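Trainee: I have a structure open and would like to learn how to read it. Can we go through it feature by feature?

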Amino acid sequence: MPRIVVDEHTCEGLGMCEAMAVDYFEVQPEGLVRVLDEQPEPDDVEEVRAAVESCPVMALKLVEA
Amino acid sequence: MSASHPDPRRLVVVGASLAGLRAVEAARRRGFTGEVVLVGAEDRAPYDRPPLSKAVLATDGPREPPTLRTVLSLRAELGVDLRLGAAATGLDTEARVVLLGEEEVRYDALVIATGAVARTLPGSEGIAGVHTVRTAADAAAVRSALDAGARTVVVGAGFIGSEVASAARARGLPVTVVEAADVPLIRAVGAEAGAVLVDLHRAVGTDLRLGAGVAGLETVRGAGGEDRVAGVRLTDGTTVPADLVVVGIGAAPATGWLRDSGLALHPRDGGVVCDATLWAGAPGVYAAGDLACWPNPLFARHDEDLMRLEHWTSAAEQGALAAVHALGLAEPQPLASVPYFWSDWYGHRLQLVGVAAADEVLRADPGTERPLLLYRRDDRVIGALSIDRPAEIMKYRRLVAARAPWEDALDLAGAGALQPAAAPPSGS
């Protein structure tokens, strides 16, 4: 099962991930993303993968466990 | 005429920046095993452009923008036939070949992603100290001048120019921004938000000259015998001394190489006219990124209502979709997309989702220093602009994407506290 990993030093809180997969990502008021659920449901993996790849600063990874 | 080849074996992508890279990546991820050729005019691996006017200009930032994917990775992992430092010079859609000078590159499927080039100031050619910010080399030159303490004049109060002004003020350097219009960025954000942006500039001591034009450049003979900029003459007769002039007056689609291709180019700016699936009108040919004009179903009022965006997210999204469509890897779908961009001004994060061509604009943040403006067309919310509200902006983007009623945006903002946006100032 793949797992979502955020590089908090790189994240700028631009929010594309939240736009693409609202059940998994939420930008916080201080400008960093919070991962709501690290383990995407099997049906959501493609949506989460698209969200990860949409990051403008490449701060997200989907790591195969 | 069918839009894609029945059995494409060879994908050619012209343009090796974000849109072109995403095209190549999407083709491989979706299982395309044929040949992939990626052509890029700049002789370096695809790199990220937003940092060119942000981190690369910061005192503590990197001097080079991040590489999006290395040459090694493109060749070894994605099996790409990479042609860097090669500018496309022509396209023959009958013979299905792209011309790289004398060389002909045959394609079954083609993605056009050559982007845009910065518009320049007439008469500034060859004058040292005058720059646009489009490439890594441009940004490096501007960074060096700022680090050396240049007195800076920015021509054009757009996003690039404002980010350059921010970098200058962060160093305590004097900076003048010259803008022809009475309100900055009026087409991109509307008059109401433009007035907010004026305040951002002036609050930190940027000398913003609105309704002002450039009459000419003053030059001196530089140490190497070159003509070097020394000042900018304005149309009001004043001259602003300058060691660095950054021209940020927009970009034009880089489609000169398509002039004789038979593809439809938009009379307004030379962008490639596409249908809603990004098909450019010739078999197997799709377009993506800064040069693609398409009817975005979320906003178009009619088929001729074409949108062209120069945003990072659009280039990424369109590049992938254009390749998938060109290769017939999925049933062609219209691209319904909510524009999104961000810009960093004087330590503030500006974000806009949707479009600003509205029937009504409401300022939804009375009494705060973090503006939030909402844009209504008919009974829908079609856009939102925020400053320093990173946790909120994507919630509005979802409303815009869902064609949500205006009331939903008002509810999200906390209705009752709303007031019409202040009228923009007349003149400066």
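Trainee: Are B:Phe159 and B:Phe341 buried or exposed?

Mentor: Start with the cut-off: a residue counts as buried under 20% relative accessible area. This is a predicted model, so keep that in mind throughout. Here B:Phe159 is buried, and B:Phe341 is buried too.

Trainee: What about B:Trp345, buried or exposed?

Mentor: Apply the cut-off again. B:Trp345 has a relative accessible area of 0%, so B:Trp345 is buried.

Trainee: How many aromatic pairs are there over all chains?

Mentor: The rule gives three. To name the geometry, look at the angle: planes over 60 degrees apart count as edge-to-face. The rings of B:Phe159 and B:Phe341 have planes at 65°, so this pair is edge-to-face. Their centres lie 4.4 Å apart.

Trainee: Where in the chain do these two residues sit?

Mentor: In distant parts of chain B. B:Phe159 belongs to helix α4, residues 159-170. B:Phe341 belongs to strand β21, residues 340-345.

Trainee: Which geometry do B:Phe159 and B:Trp345 show?

Mentor: Edge-to-face, with 65° between the planes and 6.3 Å from centre to centre. This pair also links distant parts of the chain: B:Trp345 lies in strand β21, 186 residues from B:Phe159 in helix α4.

Trainee: Now the interface. How many residues does each chain bring to the contact?

Mentor: Chain A brings 18 residues and chain B brings 18 residues. Next, ask about area. About 1500 Å² is buried between chain A and chain B, and carbon and sulfur atoms give 56% of that. Then ask who contributes. A:Leu14, A:Pro56 and A:Met58 supply 33% of the area that chain A buries against chain B, more than any other three residues.

Trainee: How many salt bridges cross the interface of chain A and chain B?

Mentor: The rule finds five. One of them joins A:Glu12 to B:Arg349. Check the distance there: the closest N and O atoms are 2.7 Å apart. For polar contacts, the count between chain A and chain B is four residue pairs.

Trainee: Which element gives the most to the side of chain A that touches chain B?

Mentor: That is α1(A), with three residues. Both α1 (16-20) and β2 (25-27) of chain A supply at least two residues each to that side. By type, the residues on that side of chain A divide into nine nonpolar, five polar and four charged.

How values were computed:
Residues numbered from 1 in each chain as written. Chains lettered and ligands numbered in written order. Predicted model: local features only at pLDDT ≥ 70, side-chain atom pairs only at ≥ 80, totals over all residues. Heavy atoms only, no water. Contact = heavy atoms within 4.5 Å. Buried area = accessible area lost by both parts, 1.4 Å probe. Salt bridge = Lys/Arg side-chain N within 4 Å of Asp/Glu carboxyl O. Polar contact = N/O pair within 3.5 Å; in protein donor to acceptor, adjacent residues only side chain to side chain. Helix = DSSP H or I, 4+ residues; strand = E, 2+ residues; numbered from the N terminus. Nonpolar A, V, L, I, M, F, W, Y, C, P; charged D, E, K, R; others polar. Phe/Tyr/Trp six-rings, centres within 6.5 Å; stacked < 30°, edge-to-face > 60°. Buried < 20%, exposed > 50% of the residue type's maximum accessible area, 1.4 Å probe, protein only.
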